[in-house]
Amino acid sequence: SKEFKGTKGQWELIGNEIHCNNLLVGYATNSFFKNSTNDTEAKSNALLMSKAPEMLEALQFFVNNNMLSVIGEEVAERLINEILE
């Protein structure tokens, strides 16, 4: 069975950085050329990324428990497969 190959553990948002197991696993900015530590857009992007493992887990739960419509299940299964490639 396919499994998540990314950093396992609880992802945590610190500023606009994503940490897991005391390691930096991601950083979000709204511009490649500027430091946006206090930037609302960058923090929002980082928050979304930090929640990705939980969203994957929720999608898998809904699919495994037949809790989605046919169309919703097709979309969820496609996303899960793309993430777990």
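**Fold.** I counted the secondary structure first: the protein chain has 3 helices and 3 strands (DSSP runs, H or I of at least four residues for helices, E of at least two for strands, numbered from the N terminus). Along the sequence the pattern reads β-β-β-α-α-α. This is a predicted model, where local features need pLDDT of at least 70, side-chain atom pairs count only at pLDDT 80 or more, and totals for chains, interfaces and linings use all residues. Residues are numbered from 1 along each chain as its sequence is written, and side-chain values use heavy atoms, with hydrogens and water left out.

**Burial and contacts.** I looked up burial next. Buried residues are 20% of the 85 in the protein chain (buried is under 20% relative accessible area, exposed over 50%, partly exposed in between; 1.4 Å probe, protein chains only). Of the contacts between residues at least 6 apart in sequence, 32% join residues at least 24 apart (contact: heavy atoms within 4.5 Å).

**H19.** I went to strand β2 (residues 17-20), which holds H19. H19 is buried, at 16% relative accessible area. Its side chain makes a polar contact with the side chain of E17 at 2.8 Å (a pair of N or O atoms within 3.5 Å; within protein, one must be able to donate a hydrogen and the other to accept it, and residues adjacent in sequence count only if both atoms are side-chain atoms). Beyond its neighbours within four places in sequence, H19 touches residues including W11, I14 and L24.

**Helix α2.** I checked its span. Helix α2 (residues 52-64) has 13 residues and reaches 18 Å from first C-alpha to last, close to the 18 Å expected at 1.5 Å a residue (expected span: 1.5 Å times one less than the number of residues). N66 follows α2 and has a positive phi, near 50°.

**Salt bridges.** I found 3 in the structure (a side-chain nitrogen of Lys or Arg within 4 Å of a carboxyl oxygen of Asp or Glu). K8 pairs with E3 at 3.6 Å, N to O. K8 is partly exposed at 46%, and E3 is partly exposed at 48%. E54 pairs with K51, their closest N and O atoms 3.6 Å apart. E82 pairs with R78, with 3.2 Å between the closest N and O atoms. E82 and R78 both sit in helix α3, 4 residues apart, about one turn of the helix. An α-helix has 3.6 residues a turn, so residues three or four places apart point the same way.

**L79.** I ended on helix α3 (residues 70-83), where L79 lies. L79 is partly exposed, with a relative accessible area of 31%.
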